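Here is a short briefing on a protein structure. Take a look at the model first, then work through the points below.

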Amino acid sequence: MFDLSNDSVETIVGPSVKIEGDFKSGGNVIVAGHISGKFSSGASLRVEERAKIIADIQAKDAVIAGEINGNINIEGHLEILATAKITGDIQTGSLAIQQGAIINGSCSMTHAKSGAKIEAPSKEQVTHEWLLGGGDEKVNFKNKETFVK
Amino acid sequence: MYFYLYDAFLQDKKYTKLLSEIEARLIDLSIQGRTTKLNILNDIKELILDAVKHGAETVVVLGDDKTISKAIGAVVNLPVTLGIIPIGDNNLLAKYLGIPEGLAACEVLSKRVKEQLDLGKVGNHHFAFYLKALSPHIKIISANDQYTITPMSSNMEVYICNFRPADVQLSTAGQKKFFVPHDGYLEVVIKNLRIPSLLNKIFLKDNRHQNQDGQYTILPFKKIKLEAEGDHDVKLVLDDDRIIKPPVEIEVLPRKINLIVGRERTF
């Protein structure tokens, strides 16, 4: 479930634990429990499969396998795994989505260098038939993952 | 100057030979000093204060984890270094500090490798090891009232830790990462005691609890508040010794005590 071999994990919110309010962390965070309110991490966030977050989220990078109701703002890379259920708008630097993930909301991406924005389809259940516009996107259907960079 | 404080349980005859050997070894190493035995009539704090007034710079306690915890609470704010000679059955704290039991501890004492360690403060009390809530019906509130943490099941244990309690079994990586007693932080630890059913284990291949780190919530902090949830009667135990009741404010006192440690210490 958890991998603590990465030295920089600072906080673990385990299963059957609820955090309510404005939660801020300067380090990496793993969430397997419930969070409601606001959440921000100055480093990486991992949302485990059984986690439920009802909050706007801000982090440097994130891997999401659980349920999120709220807007997500990721500075770097966002990876959405097959078990994820997201209801809210996503803003991220780069994005990878596995087949089976459910996303209801709009997604906007800003390239760090050019500042150009790519608008992805909104309110859509993500499958390997995900449609992408032109530009810098790369689609890898063999691995059933969609990468946008 | 050294001051040696013997716990009351060492008056048992089974320790007589070991204590004689320790005393002889301390003389060999030229670190002998005044000795006093604790009993139900004297107070550890008064004894240590008196020894410091008479010039003691190093206070060495002979006993187990409870003895050490009491001594640590007594030396806070005093200009002394605390040494330990672990004797008895319950010596986990000494193990973390890298101090071997019995006679071998004398060698560690003579080398005088010192570390400044954090302490936890709850009201007027201090704890070196951990605080355990005897009920999970507790609310943990951040110092600035920005968020609360609540266990959602009654099958959970809540600890506030400086060192890792024996009941908290993390992976090696997890143990190295948390519970560092000189990092200026304490940790809130919430342990999920739910055990997967046999049916889940066999048929649903529920292996969530095979990874021991997955049972825990761990959150480092400098200051927090603990409150009982609703009308629940919650007791908090400091270092397996003193019992207090919430609401309480808990804070870390960074590098508050000087301790003699061994090479085998875990931090």
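Predicted model: local features only at pLDDT ≥ 70, side-chain atom pairs only at ≥ 80, totals over all residues.

B:Leu82 belongs to strand β4 of chain B.

**Around B:Leu82**

- Is B:Leu82 buried or exposed? Its relative accessibility is 1%, so B:Leu82 counts as buried. The cut-off for buried is under 20%.
- B:Ile44 sits 38 residues away from B:Leu82 along the chain. The C-alpha atoms of this pair are separated by 13 Å.

**Helix α3 of chain B**

- How many of the eleven residues of α3(B) are buried? Eight are, so the helix is largely enclosed by the rest of the structure.
- Just past the end of α3(B) comes B:Asn77, with a positive phi of about 70°.

**How α2 and α3 of chain B pack**

- Two packed helices are described by an angle and a distance, both taken between their axes.
- Helix α2 covers residues 44-53 of chain B, and helix α3 covers residues 65-75 of chain B. Their packing angle is about 55°, and their axes lie 9 Å apart.
- The crossing of α2(B) past α3(B) is right-handed.
- On the α2(B) side, the contact uses B:Ile44, B:Lys45 and B:Ile48. On the α3(B) side, it uses B:Thr67, B:Lys70, B:Ala71, B:Gly73, B:Ala74 and B:Val75.
- By type, the residues of this contact are five nonpolar, two polar and two charged.

**Backbone features in chain B**

- B:Ser30 is not a glycine, yet its phi is positive, at about 60°. B:Ser30 is found in the loop between α1 (16-28) and β2 (33-37) of chain B. With a relative accessible area of 59%, B:Ser30 is exposed.
- B:Arg255 is another residue other than glycine with a positive phi, near 45°. Its place is in strand β16 of chain B. B:Arg255 is partly exposed, at a relative accessible area of 41%.
- Which peptide bond is cis? The bond from B:Pro246 to B:Pro247 is, with omega near 10°. B:Pro247 lies in the loop that links β15 (242-244) to β16 of chain B.

**Chain A in outline**

- Chain A has 17 strands and zero helices.
- Of its 149 residues, 45% are buried.
- Take the contacts in chain A with a separation of 6 or more: 11% of them join residues 24 or more positions apart.
- The accessible surface of chain A is about 7200 Å². Carbon and sulfur atoms account for 46% of that surface.

Definitions and conventions
Residues numbered from 1 in each chain as written. Chains lettered and ligands numbered in written order. Heavy atoms only, no water. Helix = DSSP H or I, 4+ residues; strand = E, 2+ residues; numbered from the N terminus. Buried < 20%, exposed > 50% of the residue type's maximum accessible area, 1.4 Å probe, protein only. Contact = heavy atoms within 4.5 Å. Areas by Shrake-Rupley, 256 points an atom, 1.4 Å probe, with all protein chains shown as cover. Axes fitted to C-alpha atoms, helices over the stretch in contact; angles between N-to-C directions. Left-handed = near helix turned anticlockwise from the far one by under 90°. Nonpolar A, V, L, I, M, F, W, Y, C, P; charged D, E, K, R; others polar.
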